[in-house]
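The sequence and structure come before the discussion.

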Amino acid sequence: MTPTPDGRPRTRVHVVSDVHGNVRDLARAGDGADALVCLGDLVLFLDYADHSRGIFPDLFGKENADRIVALRTARRFEEARAFGARLWAGVGEDRAAAIEKAVRRQYAELFAAFPTPTYATYGNVDIPALWPEYAGPGTTVLDGRRVEIGGWTFGFVGGGLRTPMRTPYEISDEEYAAKIEAVGEVDVLCTHIPPEVPELVYDTVARRFERGSRALLEAIRRTRPRYSLFGHVHQPLAGRMRIGATECVNVGHFAGRGRPWVLEW
């Protein structure tokens, strides 16, 4: 902690989300901070900006990645699933085993890049069951739980809500709401997905509304945290807005920008 001009200790926390394989910048994300907070989506399955990057093109090539991105962007999800199923049918090993092997390679590098201390929760493309194997003693994993940092209480809720994309860590609205309830009143409410507000959930490049949480929005209005921090929407219509007493901030697409969002008090 660094002192303020009047001698009081100051706390600086860096926050990242949607890391998607960006190990190089993650290794520097905690520089100058008292702690790093990570809001999930460590895995890079398919880079929508560069279709040559990620698990999918590594397995099936860029041309097939181009095709599946085009289908998903057009919201032709059933066709995308059928196309993917045909590709997976040609893979010699079990689909789940192939994905897990690739995810493990990414997790080994990403968790090793986390500074101490790091407080992390899951994104919708993460695989929570694997995290205990890779999270070292300096990384605290939280989901539906709270922690104190510099005298402020931070609550964490990971994962996403169910969508036609069927990403690995999507849960029901009821389960998500229960985790929000378990966190209760906090100074900083940290989630992967945003509250369900049109300007916060609309992606201007993908040209679609992502899923936000109504339970999160209601909790913000009811408990009035100082901040609601989240990611998930890579190019939001609004990156920041105030809901009552709460400053709601999309901390940014770390895979693309390579810089953490800074919270200091």
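How many salt bridges does a search of the whole structure find? The search finds 17. The model is a predicted one, and the sections below take up some of these pairs before turning to other features.

## Salt bridges between distant parts of the chain

Arg 12 and Glu 264 form a salt bridge in which the closest N and O atoms are 3.8 Å apart. Arg 12 belongs to strand 3 (residues 12-16) and Glu 264 to strand 17, so the pair links distant parts of the chain, 252 residues apart. Arg 12 is partly exposed at 25% relative accessibility. Glu 264 is also partly exposed, with a relative accessible area of 36%.

Asp 187 forms a salt bridge with Arg 226, and here the closest N and O atoms are 3.1 Å apart. This pair, too, links distant parts of the chain, its two residues being 39 residues apart. Asp 187 sits in the loop between helix 7 and strand 11 (188-191), and Arg 226 in the loop between helix 9 and strand 14 (227-230). Is Asp 187 buried or exposed? Asp 187 counts as buried, because its relative accessibility is 19% and the limit for buried is under 20%. Arg 226 is partly exposed, with a relative accessible area of 43%.

Lys 62 and Asp 66 form a salt bridge, with 3.1 Å between the closest N and O atoms. Both residues lie in helix 3, four residues apart, which is about one turn of the helix. Lys 62 counts as partly exposed at 43% relative accessibility, and Asp 66 counts as partly exposed at 27%.

## Nonpolar cores

The largest nonpolar core has 58 residues. Which residues have the most contacts inside it? They are Val 16, Val 19, Leu 26, Leu 42, Tyr 107 and Trp 131. The elements that give two or more residues to this core are strand 4 (35-38), helix 2 (55-60), helix 3 (62-73), helix 4 (77-89), helix 5 (95-113), helix 7 (173-183), helix 9 (214-223) and strand 15 (240-243). Helix 5 supplies the largest share, eight residues.

Leu 42 shows what such contacts look like. Leaving aside residues up to four places away in sequence, Leu 42 touches Val 19, His 20, Gly 21, Gln 106, Tyr 107, Leu 110, Phe 111, Phe 114, Asp 126 and Trp 131.

Five strands form an open sheet in the order 6-5-4-3-17, with mixed pairing. Strand 6 (139-141) and strand 17 (261-264) are the edge strands, each pairing on one side only. From one strand to the next, the twist averages 20 degrees.

Strands of a sheet pair through backbone hydrogen bonds, in either a parallel or an antiparallel manner. Strand 5 (residues 118-120) and strand 6 run parallel and are joined by three bridges. Within this part of the sheet, Ala 120 stands opposite Val 141 of strand 6.

## Cysteines

How many disulfides does a search of the whole structure find? The search finds zero.

## Ala 219 in helix 9

Ala 219 lies in helix 9 and counts as buried at 3% relative accessibility. Apart from residues up to four places away in sequence, Ala 219 touches Ile 180, Arg 224 and Pro 225. Ala 219 and Asp 18 are 201 residues apart along the chain, and their C-alpha atoms are separated by 23 Å.

Note on methods:
Residues numbered from 1 in each chain as written. Predicted model: local features only at pLDDT ≥ 70, side-chain atom pairs only at ≥ 80, totals over all residues. Heavy atoms only, no water. Disulfide = S-S within 2.5 Å. Core = buried A, V, L, I, M, F, W, Y, C linked by side-chain atoms within 4.5 Å. Buried < 20%, exposed > 50% of the residue type's maximum accessible area, 1.4 Å probe, protein only. Contact = heavy atoms within 4.5 Å. Pairing = 2+ DSSP bridges. Axes fitted to C-alpha atoms, helices over the stretch in contact; angles between N-to-C directions. Salt bridge = Lys/Arg side-chain N within 4 Å of Asp/Glu carboxyl O.
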